[in-house]
Amino acid sequence: ALMENNDLIPCVEEKKPKKKITKKRKKELIFVAVMLFYPVLQFLSTWIFVNSYSIIMAFENISLEGNVTFAGLDNFIQVIKGLIDPNIGAVTLANGTKIPYNLMIVLNSLGYGLIAIFISLPLALICSYFLSKKMPFANVFRVIFFLPNIISTVALVYAFRMQTLDSSAGILYHFLAGLGLKFETWPSTTVIVFVYCIWAGLGYNVLLLSGAIGRIPKELFESAQMDGASSFKEFTKIMIPMIWPTVVTLIVVGLTSILTLYLQPVLFNLNNNETIAGTIFNGVSGGAASKTQYPYYAAFGLLFSFVLAPVILYIRKVISRKFSDTDC
């Protein structure tokens with residue numbers, strides 16, 4: 001009977017007292033809001049607005065008179081045809097090979113990403129390891145490596161061109177010619193830009209990796225030396241696992257260069273060295289006459305971003321799992 005009576009008693013919810021926001025907390029929130037205002041505004045104005053308009057434009061058609069009509073997937077179809085049809089803007093390389101123009105652009109862009117990951121990054125890892133061993137003039141070498149990143153890219157590109165392509169002023173040109181390495185005789189002029197990117201990007205990677213190596217406890221290397229570990233084992237079993245997050249970041253940056261690198265090839269102005277971003281830049285920078293091509297290049301960038309962005313994110317997710325249990 002008591003249980004039945006208790007069942008009839010309605011439950012009364014206890015009201016929890018509301019937490020009051022202290023003055024200190026209010027000041028913290030105001031500070032965070034002020035600091036986030038500008039970057040959020042910049043993100044909305046320069047990314048959301050620009051990219052949303054580009055997505056809309058990819059499905060449009062602009063006539064010479066400026067009339068805008070709905071084009072559906074026509075722009076994307078033209079881009080895909082340029083990838084597979086050699087009769088549409090076929091490019092003949094120095095060795096006589098003919099490939100579709102858009103396919104050449106994709107191969108060049110992929111080449112920059114592969115160069116950054118499989119050549120520049122390993123070289124930077126090796127250089128950073130030896131610099132961390134307190135070799136003579138280590139700090140001087142760090143400055144020398146980083147100098148290309150301090151100098152303007154425009155000035156650096158023209159200095160590199162003068163040294164490698166100008167027979168009248170280039171000291172390096174005559175040195176390479178004596179070794180039988182004339183750039184103009186190579187199968188593709190894109191190789192010149194590849195060499196430049198390796199040279200110019202090495203210092204930036206060395207600087208970041210040196211900072212990461214400096215945070216590794218010295219006791220780990222001392223213990224490895226006492227156990228008789230070789231330099232190769234120190235490099236592969238201690239250094240790389242401990243700086244893996246930095247390595248992953250540089251790999252992702254190298255992969256994103258597939259979609260973003262454009263200035264260096266544009267400044268070199270050589271044949272058949274166009275990239276995805278460089279092609280879009282050249283296509284829309286022709287003044288009023290190029291406005292009719294805006295939808296095509298909008299579809300051009302959107303298509304490759306839609307394909308490559310998920311691939312880059314997936315690669316980042318996979319490689320981040322390696323050495324995930326290691327921490328400095």
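Trainee: Is Phe281 buried, partly exposed or exposed?
Mentor: Good place to start, and keep in mind that this is a predicted model. Phe281 has a relative accessibility of 37%. Buried would need under 20% and exposed over 50%, so Phe281 counts as partly exposed.

Trainee: Which kind of aromatic pair do Tyr262 and Phe281 form?
Mentor: Their ring centres are 5.2 Å apart, and the planes meet at 40 degrees. Stacked rings need planes under 30 degrees apart and edge-to-face rings over 60, so this pair is tilted.

Trainee: How many residues apart in sequence are the parts that this pair ties together?
Mentor: Tyr262 sits in the loop between α11 (244-260) and α12 (263-268), while Phe281 belongs to helix α13 (residues 276-284). The pair therefore links parts whose separation in sequence is 19 residues.

Trainee: And what kind of pair do Tyr296 and Tyr297 make?
Mentor: Tyr296 is buried at 14% relative accessible area, and Tyr297 is buried at 17%. Their rings lie 5.1 Å centre to centre, with 80 degrees between the planes. With over 60 degrees as the cut-off, the pair is edge-to-face.

Trainee: Which helix gives the largest share of the nonpolar patch?
Mentor: The patch includes Ile126, Phe130 and Met135, and has about 1000 Å² of accessible area together. Both α4 (101-131) and α5 (138-150) supply at least two of its residues. The largest share, six residues, comes from α5.

Trainee: Where is Ile126 placed?
Mentor: Ile126 is one of the patch residues, and at 40% relative accessibility it counts as partly exposed. Its place is in helix α4.

Key. Residues are numbered from 1 along each chain as its sequence is written. This is a predicted model: local features need pLDDT of at least 70, side-chain atom pairs count only at pLDDT 80 or more; totals for chains, interfaces and linings use all residues. Side-chain values use heavy atoms; hydrogens and water are left out. Rings of Phe, Tyr and Trp (its six-membered ring) pair if their centres lie within 6.5 Å; planes under 30 degrees apart count as stacked, over 60 as edge-to-face and the rest as tilted. Helices (H or I, at least four residues) and strands (E, at least two) are DSSP runs, numbered from the N terminus. Buried means under 20% relative accessible area, exposed over 50%, partly exposed in between (1.4 Å probe, protein chains only). Patches are made of residues with over 30% relative accessible area and no salt bridge: like charges are joined within 9 Å, nonpolar side chains (Val, Leu, Ile, Met, Phe, Trp, Tyr) within 5 Å. Accessible areas come from the Shrake-Rupley method with a 1.4 Å probe; for residues, only the protein chains shown count as cover. A salt bridge is a side-chain nitrogen of Lys or Arg within 4 Å of a carboxyl oxygen of Asp or Glu.
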